Each structure stands twice: as C-alpha cells, then as structure tokens.
Amino acid sequence: MGRDDGVESGYGSDDQPRNRKHAKKEKEEEEEEAMMSVERVFEGKEVPSWRQQLTVRAFVVSFVLSVLFSFIVMKLNLTTGIIPSLNVSAGLLGFFFVKTWTKVLEKSGMLQVPFTRQENTVIQTCVVASSGIAFSGGFGSYLFGMSDHIAEQMGNGPGANDYKKLSLPWIIGFLFIVSFLGLLAVVPLRKIMIIDFKLTYPSGTATAHLINSFHTPEGAKLAKKQVRTLGKFFSFSFLWGFFQWFYTAEDGCGFVNFPTLGLKAYEYKFYFDFSATYVGVGMICPYIINVSVLLGGIVSWGLMWPLIENKAGDWYSADLKLSSMHGLQGYKVFISIAMILGDGLYNFCKVLSGTLLGMYHQFKGKNSLPRVASSSPPESPQLSFDDQRRTSLFLKDQIPTSFAIGGYIIIAIISIISLPHIFHQLKWYYILVMYLAAPTLAFCNAYGCGLTDWSLASTYGKLAIFVIGAWAGKSHGGVLAGLAACGVMMNIVSTASDLTQDFKTGYLTLASPRSMFVSQVIGTSMGCVISPCVFWLFYKAFKDLGLSTSAYPAPYANIYRSMAILGVEGFSSLPKHCLSLCYGFFAASIVINAIRDAVPKKYSRFIPLPMAMAIPFYLGSYFAIDMCVGSLILYVWERINKAKADAFGPAVASGLICGDGIWTLPSSILALVGVKPPICMKFLSRAANARVDNFLGS
C-alpha cells in the first residue's frame, strides 16, 4: 500500500509512519521470497531447449544405470517383492557419472556443453522409466505366474494346464505392445495435473529439490561426499556378496541360512540372513513398514502356521506335498491374498473417493485458481517468481493433444490385433473394453499418486485378473486370460503415474515436458529389452527359481496365479476353514486401515499396515529381521547426529542395495557356465551332528 492510498482513504498525515512500516514489511517479505527462491539462484543461467536437454551422454549414462537398476529391482522382485523408491539413487548416480565425464573433458579442453539440471532430470527420468518395467513387466508376479514352472509347482489342481511357456521374443514383444499406452493416456492432462490442480507428487517434488541442490555450489560439494559414501558401501556390499558365495555350494548352505536365533526359530523362518540389500531397504523404508512386516511374520510363522500344522489330517490331508495348494501352502497363499485384497480395496476406495472429491472441489473453485492460458504464461500477481518462470517454460513446449490421442488409438488397434496372437485366451473384445476404460483408470491413478504418492497399479491389475478371468471362464483359459489382462492394465496405469510424476520433476527443474516425454519413451523402450534379458539370465541361471526353498522364491508369482484360479474357480479351490480365515483377515485389513485414518497422526504412526503384514505370511520373517536391523542402524545414527543421518543415510542405503544387487550379475554368469562355489557351510543340531559323525566314522 502506497502513501497516496493513505491520503485518499482519509487517514491523513498521522498514518504515514504506519504506511512506511507497511511498505517496509512488504519489502522485507519480497527480500525473504528472493532468499527462498530457487529459480533466482539459476536466473543467470540460460535454460537449454528441449532438444539440447536430450544429449547422447545422458542416454549412454542412462543405459548403464538402467542395467544396474534393472538387476536391483529384479532381485527384489524375485525375493520379496518389496521395492523401495530408487529415484534418489538414480538422480545421485546420474549426477556423479556425467559430472565425472564433463570434468575429464573440461581438463582436456574438449567440453562443449556444460552439465545442467535439466540433463540430470532427463537421466533420472530415463533410468526410473527403464527400471520401472522390471516391476510392471510382472517378472516376479503375473508374467512368471503364467509359466509352466509355477503351474507345475501348484500341482494338478484347477488351471494346471492353463499356462504359457516363457520365451524371450514374446515377452519383449508383449512389453513393447502394452507399455506405451499409459504415457499417451495422460499427456493431454499434464497442464490440469501440474498447473491447475497443483498436485504435489511428493516423490517427484523431492527428486526435483535434490537435483536442484546438486547444481548449486554447496549442493555439488555435498553430492560429492554422498557419492563417495555410496561408493564405499557399494564396494563393501559387492565384496560381501562375493565372500558369501564361496560358502553356498548346495541348497541350504552359507550365511543366508545362518540360524542366528536358534534352529527351531530357523525352521519357522526367523533368522538374520546377512543380506546387505534388505538392510539397505530397511534404511530407506519408513519404520512402520519394517515393523509391520516383522509383526506379520510373528502372527503367521510364529502363531498361525504352527497351529494349522497341528491340524494336518483333520483340516487337510497329511500326505500332501508341501507345495500343494490344498494343504498348508493354501492357507499361506490365500490368507495373504485376503489381506492384500482387503488393503487394496480400502485404499482404492479411499483414493478414488479422494480423487473424485478433490476434482469436485477443484472444478467448483475453478474461478479462484490462477487462470493459465494454454499458450501464454500467467500474469497473476498471486504467483511467485519461481511459479511464473516454471509455468512459463512448462507451457512453452506443447505436446499436441492430437498426437497423444492419435497415438493411443493406433497403438490400441495394434494391440487388439496382436495380443490375441500371443495369448489366444485373451479375446480382442476383452482388450477393447480394457482400452476404453484405461484412460479413466490411468487418470485416477495419476491423480491419486499426486495426492498421496501411492500408485495403485497392482490393485488395478488384480481387478483385471478377477473381471477378465471370470468373463473368460474356466473352459476358455480364464487363468491365463486374467493374468495377461493384469499385465495390460498394470502397465498402462503404472506408466501413466510415472510420467505425471516426471512432469512434476521437470516442472520444478525447468526441464521441458517434451524432453520428459521423449526421455520416458526412450527409457521405457530400454526397459522393454533390458528387463526381459535380466530376467532371462535369472531364469536360466537358477533352476530352482520360484520354489519356496529357493534364494529367489518369487512369492507374488504364486499369489497372482492363485488369484487368477480363485477368479475362475471360486471358493471351491480353498482348503477347509480357509475361507472363514480369509473373511476374517480381509475384514481385519479394512478395519485396521479405517482405524489408521480415523485416529490422530501421533497414534496412527504406531498402527501397522496390513499390506506390509501380508508379505511374510508366505515368505517368512528372515528379510523382515534384515529390514529392522537397517531401521535400527538409522535410528541410532539419527540419535547421534540427525543432520548427518539425513544427508548420508540414503547414500549408505543405496550403496548397500546397489552393491549386493549388481553382484547377482557375476553370480548368475558363474551359475550359467557351471562354476560352483567350493564350500558348503551348514548348521546342524548337536544330535544331527553326532549322527553325521557316526555315519562318517563307520
């Protein structure tokens, strides 16, 4: 407010000091905003065009990191299915590799293009898109669940002959057909999501702040220290994996089978298996996730399974194989499914209702939103300098809506024609119905992810299993049709939320939407080739892949196949009293989630998550103990020095995960060429050891 306003308002000269105070306060606020402004730090730097952001070196680095992260995600997929966010690791390693590259060129006088935060964002987007296919491709869930490998394990029950032999060509072809529709489905909605609705996308925002900080002088120094820390723990983790390999000559050998809590506890999957990967995962995952997983293991393997084992011969035949779904295995799988479905249904309804309510309020209050024209930056005084600059550049490079819609229709037609040739059980009209519903579901998932940072891709996939499986029916290959439909739907909604997350990161780092889209397409294309090849290496190297006793049990492959059988057969496939237990745990999942949302946050943070509790019901608690060790390390570190723990905790965790994850590449190659470890380290009880000594002595 100026001095003239005071005079015109009739306040007179007595109010002039007050007006000066007001002006001074406004000036202070402007100075404070300038200090808080991120874009003022980069104001003197020219923003490269979208084509200049897409450099050859960015995609070379992206390819190398994509291979690394695909191995990591694949290992996590095939062991427990718990996959933490790797965005921070991708951004940090991308910064390190290109910074090293440019420094070498700069010293030799050959550097022509400096490394920018926009190029860093392109790398992070490409790597996350590529490694994301290792998850949405279903290598540890629906796709592996289709195989004869999993079908044979589940015995001669329902759907035993409803499988497809895995081969690399059709897997790659399938992924190329279904992985791009989600990208095109949300492109026309990018302005609504990012500018109009101002959705937060917490992971995308956090990644953007990280990348912005790397490219300030202070941030670059911290990033160097973080990379050095990551490198140390990467080396330690890799060498630890190599050392452990020497003691694993046969099944049941090595440190991974160390009965740290005693032999009886080991029998029921309670032991620390010295996995650097899951110690690192525990440091990244929130405390409540780790505690929930451990609690789930205690409830299932500590209480329920020993009690149900005592019912052998009454509730189920005592002569059944351990892998039979009509025995104890059936209780393990179907009760965990009940919890997963209960949790998924609750969160689906919660996010969907929140999405619809949020959209209602957004459209109702549309006049109060800053009006942004489709082709010009806003002039609204309500927008800060950062928002004005970001919005201006975000709207500068448009992706034509006609391109997105036309591309969606063309790919949909190709899919409708080609997918029935890969899966003859998946009729063309099933695919048509899914593609008509997919844009709406992709929007809901992307919007919900923007509000909660929670992608419900696997929940939409499970919905497709039941709907398409029941529609196809038992006599027309409903099990395989349901699993294939899961793959189609999961890929669409997963890539849709990933791209909108990347648009948010690009918005906050001034990376062009066009460069984000191109990077996502290239990353997805890389993933469609890299992920199947990585999976194939695991598949050929480890003959016991998917077995519950294997180092890679792929728990979700059994779970997804069991869901498909349940959708086709109904409840007749369940063992005695299993249905009643499933009802109870399904209801408990919903009630626990409802209580979590109803009570204040200071109490809800102590209430476990049913989805996390369900995972060890099938696998056991060994990885939960690893994760809790990771949590304990981080907790103690935070108590000693919170600032250092916050700065270097993610780097330590990433190093542990990456080192152990990349060790799977040489270990797989050694297994393929027939090189076996020289030593078997086993642990026996005193009585068993005496019998072995007597046998050897005789």
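Phe-274 is partly exposed, at a relative accessible area of 22% (partly exposed lies between buried, under 20% relative accessible area, and exposed, over 50%, with a 1.4 Å probe and protein chains only). Phe-274 sits in the loop between helix 14 and helix 15 (helices are DSSP runs of H or I of at least four residues, strands are runs of E of at least two, and both are numbered from the N terminus). Its phi is near 60 degrees, a positive value in a residue other than glycine. Lys-269 is found in the loop between helix 14 (263-267) and helix 15 (276-284). Phi of Lys-269 is near 70 degrees, again positive in a non-glycine residue. Lys-269 counts as partly exposed, with 21% relative accessibility.

The model is predicted: local features need pLDDT of at least 70, side-chain atom pairs count only at pLDDT 80 or more, and totals for chains, interfaces and linings use all residues. Residues are numbered from 1 along each chain as its sequence is written, and side-chain values use heavy atoms, with hydrogens and water left out.

The chain contains 30 helices and 0 strands. It has 698 residues, of which 54% count as buried. Its accessible surface comes to about 31000 Å² (areas come from the Shrake-Rupley method with a 1.4 Å probe; for residues, only the protein chains shown count as cover). Carbon and sulfur atoms hold 64% of that surface.

Two packed helices are described by the angle between their axes and the distance between the axes. Helix 12 (residues 202-214) packs with helix 22 (residues 478-509) at an angle of about 35 degrees. Their axes are 8 Å apart (axes are lines fitted to C-alpha atoms, for helices over the stretch in contact, and angles run from 0 to 180 degrees between N-to-C directions). On the helix 12 side, the meeting residues are Pro-202, Ser-203, Gly-204, Thr-205, Thr-207, Ala-208, Ile-211 and Asn-212. Helix 22 contributes Gln-501, Lys-504, Thr-505, Leu-508 and Thr-509.

Ser-70 belongs to helix 4 (residues 56-79). Ser-70 is buried, with a relative accessible area of 0%. Neighbours within four places in sequence aside, Ser-70 contacts Ser-130, Ser-131, Ala-134, Ile-530, Ser-531 and Val-534.

Side chains of opposite charge can pair when their charged atoms come close. The structure holds 12 salt bridges (a salt bridge is a side-chain nitrogen of Lys or Arg within 4 Å of a carboxyl oxygen of Asp or Glu). One of them joins Glu-39 and Arg-117, at 2.6 Å from N to O. Glu-39 lies in the loop between helix 2 (16-36) and helix 3 (50-53), and Arg-117 lies in helix 6 (residues 117-136), so this pair ties together parts that are 78 residues apart in sequence. Arg-117 is buried, at 4% relative accessibility. Glu-39 is buried too, at 0%.

Glu-39 also meets Arg-389 in a salt bridge, at 3.5 Å from N to O. This pair links distant parts of the chain, 350 residues apart: Arg-389 is in helix 18 (residues 385-394), Glu-39 in the loop between helix 2 and helix 3. Both Arg-389 and Glu-39 are buried.

Another salt bridge pairs Lys-642 with Asp-646, with the closest N and O atoms 3.1 Å apart. Both residues lie in helix 29 (residues 642-672), 4 residues apart, about one turn of the helix. Lys-642 is partly exposed, with a relative accessible area of 48%. Asp-646 is also partly exposed, at 41%. Elsewhere, salt bridges that share partners join Glu-39, Arg-117, Asp-386, Arg-389 and Arg-390 into one network.

A nonpolar patch on the surface is formed by Trp-428, Tyr-429, Leu-432, Val-433, Leu-436 and Trp-471 (patches are made of residues with over 30% relative accessible area and no salt bridge; like charges are joined within 9 Å, and nonpolar side chains, Val, Leu, Ile, Met, Phe, Trp and Tyr, within 5 Å). Together these residues have about 610 Å² of accessible area. Helix 20 (residues 428-452) supplies the largest share of the patch, 5 residues. Leu-432 lies in helix 20. At 33% relative accessibility, Leu-432 counts as partly exposed.

Notes. Contact means heavy atoms within 4.5 Å.
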